[in-house]
Amino acid sequence: MRTVVDDSLMSRRRTIELAGLVSRSIGIASTAFYGSGLSPYSPAGLDAGVTLACWLGVAVMSLSNVLGLLARRRPGSRWYPWLSATQVTLDTATITGVVLISTLHYPQVTTWPLLMLTVTIGALRHRLAGALLVCLLTSAAFMAGVPGTTDDVFVVGINLMIAVITGTQSSAFAKQLTTLQETRRELQHQANHDPLTGLPNRSQLACWAADRTGSPLAVLLLDLNGFKKVNDTYGHAAGDVLLHEIGARLGAVLEPGDLAGRLGGDEFLVLLPDADSARSARTIARIRDAVSRPIAIGNGREVTVGVSVGFALRAAGSDVTLDTLTAEADAAMYRDKRKLAA
């Protein structure tokens, strides 16, 4: 299942990519300066292998920056995790290579602390699992590449501590962000949906209609007949069960692209995009049939209600609002109610 990426997560991803781009750019400039022999810290007579490694590192970091730019432009893409993992791999390989080569050729220069940077990158992008994996790989590479050094245990220990600290913090932050995302989606759903039936509420219906201003639209206003009697006879809990079932039945009889919502009480609104009188009539017939079937309200009891329906149409190019169409449908609904009562 595809992970839902909201604004807060995309913002965090863009921030991570920006940090990566800036830090790599600094690394590219520093490495190029060092490899060219122009840096005052460059040893006299820089080894050809070290020079080649420096320029190879510049190339790899440049490639990582290209991937970072792509990831920053599309943080919600399904390819983002792969782009992120590839950047971690390239960054880890580059930094580990620099540490190994410099340690072997210039043991008087301490560069192993750079390995902590790779662990931090793994934690930032892939939480505790990423930090521990990078720690394992870099520690193994250092011990294998620089055998016999007294720094082995110290390097592994420091790397592991950094991995645990940064990894757990990153995992905790990711969990908090996920919780906030879920809470935000729940609040958005509550703000736009009726809590009893789960159907869109008046606000959501208005937004949906506003997005289709100027296009043909049929508005059906439904009012249940006999709902008050169910409430009075069996109680409000039974009435709630009835309303929930009616909401489910409406969703079942509508065509793809149609929208049903609850206005309140026993009133429902159905919006049919690009509909004419004929399609509206067919939909109304299906609604009447669905609503009229017996509804179980618990304890082996069943009730039957009817529905009065009024509808209004908006032609293509018209700027008639949903409120106006609803008022027209409401008047038609009361005419239908009087007709059914006659």
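The lining of the largest pocket comprises 22 nonpolar, 12 polar and three charged residues, where Ala, Val, Leu, Ile, Met, Phe, Trp, Tyr, Cys and Pro count as nonpolar, Asp, Glu, Lys and Arg as charged, and the others, Gly among them, as polar. The model is predicted: local features need pLDDT of at least 70, side-chain atom pairs count only at pLDDT 80 or more, and totals for chains, interfaces and linings use all residues. Residues are numbered from 1 along each chain as its sequence is written, and side-chain values use heavy atoms, with hydrogens and water left out.

On a 1 Å grid over the protein atoms alone, a pocket is an open set of points where a 1.4 Å probe fits, with protein on both sides within 12 Å along at least five of seven lines; lining residues have an atom within 4 Å of a point. Of the 37 lining residues, Gly27, Thr31, Met61, Ile95 and Leu114 lie nearest the centre of the largest pocket. Helix H1 gives the largest share of this lining, 11 residues (helices, H or I, have at least four residues and strands, E, at least two, as DSSP runs numbered from the N terminus).

In helix H7 (residues 227-234), Phe227, Val230 and Asn231 are buried (under 20% relative accessible area, exposed being over 50%, partly exposed in between, with a 1.4 Å probe and protein chains only). The face turned away from this buried side of H7 carries the exposed Lys228, Lys229 and Asp232. Just after H7, Gly235 has a positive phi of about 100 degrees.

Strand E2 (residues 259-264) is largely enclosed by the rest of the structure, because five of its six residues are buried.
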